[in-house]
Amino acid sequence: MASSAVKTFVSSCRRFSDGSSDAEDISNLREVTEIRMPLHYRMPFPEPVMLEQQPSAEDQQRHLRGLWHELVQHLRDLRYLTEKEFVRYHQQKKHILAKPYLLNPVLEAANCYLQEEKEWPELAVLLPASGTVDR
């Protein structure tokens, strides 16, 4: 997306978040999330039941990075990740599978979210007890 489109999207998100959005904001958000983003962030291979052969290790890694990317984006949108942590993640995202400790801020943010989750409290047990991963 062009810089002005990103600024428009971010300002529409902020107005939506604070409850002051209008029809134009909603239209901007739908354009990006329903039309543009699915084309750019689609999964690199189809569902396993549709595969004729196993995906390559490279495709599997790209898929995992894509899942982490989605989680990070959601945690940032919900304000569990700071802007600084979000930017740092994007700077290091190609290295997260080889250096899992780079995900510590993401795990801490997910832990904060899960501690507040009332409907699914049992999800909190899925994270490491310390909230960090080994170097």
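So, at roughly what angle do the axes of α3 and α5 cross? They cross at roughly 55°, and the axes come within 10 Å. Axes here are lines fitted to C-alpha atoms, for helices over the stretch in contact, with angles running from 0 to 180 degrees between N-to-C directions.

Quick caveat before I go on. This is a predicted model, where local features need pLDDT of at least 70, side-chain atom pairs count only at pLDDT 80 or more, and totals for chains, interfaces and linings use all residues. Residues are numbered from 1 along each chain as its sequence is written, and side-chain values use heavy atoms, leaving out hydrogens and water.

Okay, the overall picture. The protein chain has five helices and zero strands; helices (H or I, at least four residues) and strands (E, at least two) are DSSP runs, numbered from the N terminus. Of its 135 residues, 20% count as buried, meaning under 20% relative accessible area, with exposed being over 50% and partly exposed in between (1.4 Å probe, protein chains only).

Back to our helices. α3 and α5 are oblique to each other: under 35 degrees is roughly parallel, over 145 roughly antiparallel, 65 to 115 roughly perpendicular, and the rest oblique. On the α3 side, Trp68, Leu71, Val72 and Leu75 make the contact, and α5 brings Val106, Leu107, Ala109, Ala110 and Tyr113. Contact means heavy atoms within 4.5 Å. Those residues divide into nine nonpolar, no polar and no charged. For the classes, Ala, Val, Leu, Ile, Met, Phe, Trp, Tyr, Cys and Pro are nonpolar, Asp, Glu, Lys and Arg are charged, and the others, Gly among them, are polar.

Now α3 with α4. Their axes also come within 10 Å, but cross at roughly 165°, which makes α3 roughly antiparallel to α4. Arg65, Trp68, His69, Val72, Gln73 and Arg76 in α3 meet Glu83, Phe86, Tyr89 and His90 in α4. That contact splits into four nonpolar, three polar and three charged residues.

Tyr80 and Tyr113 sit edge-to-face, 5.5 Å centre to centre with 85° between the planes. Rings of Phe, Tyr and Trp (its six-membered ring) pair if their centres lie within 6.5 Å; planes under 30 degrees apart are stacked, over 60 edge-to-face, and the rest tilted. The partners are 33 residues apart, Tyr80 in the loop between α3 and α4, Tyr113 in helix α5. Tyr80 counts as partly exposed because its relative accessibility is 22%, and Tyr113, at 30%, is partly exposed too.
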